[in-house]
Amino acid sequence: MKKLATILFLSVLSISMNAQEKTEGKVDLDAPVFKFEVETIDYGKIEKGSEGLRIFTFTNTGKTPLIVEKVKGSCGCTVPTKPEAPIMPGETGVIKVKYDTNRVGGFSKTITITSNASEPVKRLKVKGIVLKEETSSAVEKEKSLISN
């Protein structure tokens, strides 16, 4: 009985491994394709409480409509917004990202996009430094002293 169970287990395992090998190699040539203008947005040095909205622009360079199923930030401080309508071939779409600029310090966050594109999971990045209020006012004072 043990031999039969072992043989059955090995058979199921080898069948599942075979099935995975056959599906991994297939590439859909008609699938939609993301082409982003930039994949990383650098906020640079910004003041605390300043506007945190940035936009990633992309084009569907594939042959079929691109459907963005889900867009998720790597933490609650980064809130992305996905396009609701499908992006037709040759058309442009946007993914809006709003970072909470009330959090002082450097940041590097990831936005993960799930879609029906040839690359079904795509990652974008936002980074920058939110300055303390004292730091930004000290910089302004220094600038005014230099200009006088």
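How many bridges join β7 to β8, and in which sense do the two strands run? The tour gets there after a look at the whole chain.

**Before you start**

This is a predicted model, in which local features need pLDDT of at least 70 and side-chain atom pairs count only at pLDDT 80 or more, while totals for chains, interfaces and linings use all residues. Residues are numbered from 1 along each chain as its sequence is written, and side-chain values use heavy atoms, with hydrogens and water left out.

**Stop 1: the whole chain**

Show the chain as a cartoon. You will find two helices and eight strands. Helices (H or I, at least four residues) and strands (E, at least two) are DSSP runs, numbered from the N terminus. Follow the chain from the N terminus and the order is α-β-β-β-β-β-β-β-β-α.

Now switch to a surface. The chain exposes about 10,200 Å², of which carbon and sulfur atoms supply 56%. Accessible areas come from the Shrake-Rupley method with a 1.4 Å probe, and for residues only the protein chains shown count as cover. Of the 148 residues, 26% are buried. Buried means under 20% relative accessible area, exposed means over 50%, and partly exposed lies in between (1.4 Å probe, protein chains only).

Contacts come next; a contact means heavy atoms within 4.5 Å. Among contacts with a separation of 6 or more, 67% are between residues 24 or more positions apart.

**Stop 2: β7 and its partners**

Select β7 and β8. They run antiparallel, joined by 10 bridges. Strands count as paired if DSSP finds at least two bridges between them. A hairpin connects β7 to β8 through five residues. Pick Ile111 and look across: Leu124 in β8 stands opposite.

**Stop 3: the nonpolar core**

Which residues have the most contacts inside the largest nonpolar core? Select Phe34, Phe36, Phe56, Ile95, Ile111, Ile113 and Val126. The core has 22 residues. A nonpolar core is a set of buried Ala, Val, Leu, Ile, Met, Phe, Trp, Tyr and Cys residues joined through side-chain atoms within 4.5 Å. At least two core residues come from each of β1 (34-36), β2 (40-47), β3 (53-60), β4 (68-73), β6 (92-99), β7 (105-115) and β8 (121-131).

Centre on Phe36. Beyond residues up to four places away in sequence, Phe36 touches Phe56, Thr57, Phe58, Ile95, Ile113, Lys122 and Leu124.

**Stop 4: aromatic rings**

Display the rings. Phe34, Phe36, Phe56 and Phe58 are linked by ring pairs into a cluster. Rings of Phe, Tyr and Trp (its six-membered ring) pair if their centres lie within 6.5 Å; planes under 30 degrees apart count as stacked, over 60 as edge-to-face and the rest as tilted. The structure holds seven aromatic pairs. In one of them, Tyr99 and Phe107 have ring centres 3.8 Å apart and planes at 10°, so this pair is stacked. Tyr99 is buried at 4% relative accessibility, and Phe107 is buried at 6%.

**Stop 5: two loop residues**

Move to Gly52, in the loop between β2 and β3. Is Gly52 buried or exposed? Gly52 counts as buried, because its relative accessibility is 2%. Leaving aside neighbours within four places in sequence, Gly52 contacts Tyr43, Val97, Lys98, Tyr99 and Thr101. Its C-alpha atom is 5.9 Å from that of Thr101, 49 residues apart along the chain.

Then pick Asn102, in the loop between β6 and β7. Asn102 is partly exposed, with a relative accessible area of 49%. Apart from residues up to four places away in sequence, Asn102 touches Lys48 and Gly49.

**Stop 6**

Select Cys75 and Cys77. They form a disulfide, with sulfur atoms 2.3 Å apart. The cut-off for a disulfide is a pair of cysteine sulfur atoms within 2.5 Å. A search of the whole structure finds one. The link of Cys75 and Cys77 is left-handed, with -45° about the S-S bond. Cys75 is partly exposed at 25% relative accessible area, whereas Cys77 is buried at 4% relative accessibility.

Finish on β5 (residues 78-81), where the side chains alternate.
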